[in-house]
Amino acid sequence: MPLIRLLIWVYAIAPPVAGLMGMMFFDQHIGPIVKLAAWFGWDIRVGLDYFDTAFAMIVVSVWKQIPYNFIFFLSGLQGIPTSVREAAALDCRSGLRRFWTVVLPLLAPTAFFLLIINVTYALFDTFGVIDVMVKDKAANNPITLVYKVYMDGFRGNDLGGSSAQSVILMIIVLVLTIFQFRFIERRVHYN
Amino acid sequence: MAAIDIAEVSKIYTGGVEAVKSVSIDITDGELIVLVGPSGCGKSTLLRMVAGLETISKGTVKIGTRIVNQVDPAERDIAMVFQNYALYPHMTVYDNLAYGLRNRKTPRAEIDARVTEAARMLEIEPYLDRKPRALSGGQRQRVAMGRAIVRKPAAFLFDEPLSNLDAKLRVSMRGEIKRLQKRLGTTSLYVTHDQLEAMTLADRLVVLNGGRIEQIGRPLDVYHAPASTFVASFIGSPAMNLVKGTLEGSRLKIGTHTIELGYPAPAAGPVTVGLRAEDLRPAAISEQALLFRVDYVEELGAQRLVHGAVEDQELTVVLAPEMPLADELAITIPADRLHFFAANGKRLYRQATTGLASARTPTVNPEPAL
């Protein structure tokens, strides 16, 4: 168990570093993921193909966030009293059904917390990964709104357009958060 | 409803620790058996083995006519009440009760009828729509009981169900459990560390110590004829006084005092003598009486616990509250109320009659007290 907890250290990797490591995985010449995909006839070209670049970005960003989610779900699972699981074992034979009806509902607070954290991460903290991946590539690569705000404002010197976009970004985040708290939290049972 | 047969069951954990050592208990249909013992004596482990929450290392457990060693807990036809209630926090009381039935594909109308009946029996009808967190400890306890009752299982297993309740509620719930169990007639196995709870609830008591059975018997039999010094000191409050003495013929010597037994002693030489605090009574100073030096007094209202010593051996005596106290009292005990234990802690039974029968017959004190 202590070894598993070390997993959260991956979370301590700075996004640009994670981006760099990801770039190596997806490198045209030495990237193992590129070679793996080639076996299945998929010619991954990060920075050239829009879809492939998006794919690489998503894989690297998700990879970096998995341990964080893992640790929280682990502690959530440990937070379910043993006796409740045992009571369920006496009440319900099927393990899968027990998971759906008892364990998962009790994990809901954890899942809700992670949903908010992960949405925020996807919107803002992927900046570093994207920057490393697309900075030296030709134009028309997939980017997030946060990255576009930065590009237009500081690279394109369009401060007005950049400001307008950041206001739109704020509204999107606001709507998402309100939606999460209003409609999803209602299904969450805190103990 | 079914009998439970526990035959030479052992629990050996990885690493070789033996928590339960070859325990055999025969539980007849409808009986309420209480497993009692100090913490770590293996009583909960034994219960959990019957429930199927722990694997059985050795021996067999039979519920009804079926050996259940390899049977899934949900298929054993038992219901368990946990110490911390173990209610499903995300379900309403109704759903908590119905959960086990729904998973067994019980028709909806039947579920409804059973839940309503159990709720009426336990007086939790007003709370059926509430979540457990909106209930008090006593109400949660009732819901936990209800969850067991609706299943109509062959046996109830109780794992210290009252230890999270306050003293007053514990007494009333104790009575309720006893009444419910008698009314439903369901075989029950009840684990507790509280000897009072054990005495009041049990049809038969099983006293466990260090994974072994010390004694099985009806509460009063265990009380009046404890099989070992462990049982003697565990059952009954205040605990039985255990002092060192020497048997010579039909005489018992405690320190410099001599008590005439009036019957042949069960052994000769040094023994441990057990004296119940309530069997000791004040007497006139005489050869037969023990000189008791009072140390301190605990007032219980209805009675008074007087702690002190006879020579260097500590004793507790129950006295009437109106009796005047002095620094030194003469006390005596009817000879047939004495318990003798050998050096290994086992009870020494009197010859002629069996210790059990003679100890239970209330005989008049041959020595006139006072």
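**A guided look at chains A and B**

Visitor: Buried residues make up what percentage of the 191 residues in chain A?
Guide: Keep in mind that this is a predicted model. A residue goes into the buried group when its relative accessible area is under 20%. For chain A, with its 191 residues, that group comes to 35%.

Visitor: What order do the elements of chain A run in, from the N terminus on?
Guide: Chain A has nine helices and zero strands. So, in the DSSP runs numbered from the N terminus, the elements read α-α-α-α-α-α-α-α-α.

Visitor: Is chain A more spread out or less spread out than a compact globule?
Guide: Along the principal axes, the C-alpha atoms of chain A fill a box of roughly 65 × 45 × 30 Å. The globule rule gives 16 Å for 191 residues, and the radius of gyration of chain A, at 21 Å, is well over that.

Visitor: What percentage of the contacts in chain A with a separation of 6 or more comes from residues 24 or more positions apart?
Guide: A contact here means heavy atoms within 4.5 Å. Take the chain A contacts with a separation of 6 or more, and the part from residues 24 or more positions apart is 59%.

Visitor: How much of the accessible surface of chain A belongs to carbon and sulfur atoms?
Guide: Start with the total for chain A, which is about 11500 Å² of accessible surface. The carbon and sulfur part of that is 71%.

Visitor: How many of the 10 residues of helix 5 of chain A are buried?
Guide: Helix 5 of chain A covers residues 82–91 and is mostly covered. Among its buried residues are Val84(A), Glu86(A), Leu90(A) and Asp91(A). Out of the 10, the buried count is eight.

Visitor: And which parts of chain B do the buried residues of helix 5 of chain A pack against?
Guide: Within chain A, those buried residues pack against helix 6 (95–125). Over in chain B, their partners are helix 1 (43–51), strand 6, helix 2 and helix 4 (137–150).

Visitor: How many residues apart in sequence are the parts that the pair of Phe26(A) and Phe55(A) ties together?
Guide: The whole structure has 16 aromatic pairs over all chains, and Phe26(A) with Phe55(A) is an edge-to-face one, 6.1 Å centre to centre with 85° between the planes. Phe26(A) sits in the loop between helix 2 (15–25) and helix 3 (32–39) of chain A, while Phe55(A) is in helix 4 (residues 50–78), so the pair bridges parts whose distance in sequence is 29 residues.

Visitor: Which of those two is buried, at 3% relative accessibility?
Guide: Phe55(A) has a relative accessible area of 28%, so it counts as partly exposed. The buried one, at 3%, is Phe26(A).

Visitor: What links up with Phe26(A) and Phe55(A) in a cluster of ring pairs?
Guide: Ring pairs need centres within 6.5 Å. Pairs of that kind join Phe26(A) and Phe55(A) into a cluster with Trp42(A) and Phe51(A).

Visitor: Which residue lies over the face of Tyr88(B)?
Guide: Tyr88(B) is buried, with a relative accessible area of 0%. Its place is the loop between strand 6 (78–81) and helix 2 (93–102) of chain B. At 4.8 Å from the ring centre, the residue over its face is Arg147(B).

Visitor: Which peptide bond is cis, with omega near 0°?
Guide: Most peptide bonds are trans. The bond runs from Ser237(B) to Pro238(B).

Visitor: What is the phi of Lys105(B), which is not a glycine?
Guide: Most residues other than glycine have a negative phi. Lys105(B) lies in the loop between helix 2 and helix 3 (108–122) of chain B and is exposed, at a relative accessible area of 71%. Its phi is positive, at about 60°.

Visitor: Where in chain B is confidence lowest?
Guide: Chain B averages a pLDDT of 89, with 94% of the residues scoring at least 70. Still, pLDDT stays under 50 over residues 353–370 of chain B. The lowest mean, 45, belongs to helix 9 (residues 355–360).

Note on methods:
Residues numbered from 1 in each chain as written. Chains lettered and ligands numbered in written order. Predicted model: local features only at pLDDT ≥ 70, side-chain atom pairs only at ≥ 80, totals over all residues. Heavy atoms only, no water. pLDDT = per-residue confidence, 0-100. Helix = DSSP H or I, 4+ residues; strand = E, 2+ residues; numbered from the N terminus. Phe/Tyr/Trp six-rings, centres within 6.5 Å; stacked < 30°, edge-to-face > 60°. Buried < 20%, exposed > 50% of the residue type's maximum accessible area, 1.4 Å probe, protein only. Lys NZ or Arg CZ within 6 Å of the ring centre and 35° of its normal. Rg over C-alpha atoms; globule rule 2.2 N^0.38 Å. Areas by Shrake-Rupley, 256 points an atom, 1.4 Å probe, with all protein chains shown as cover.
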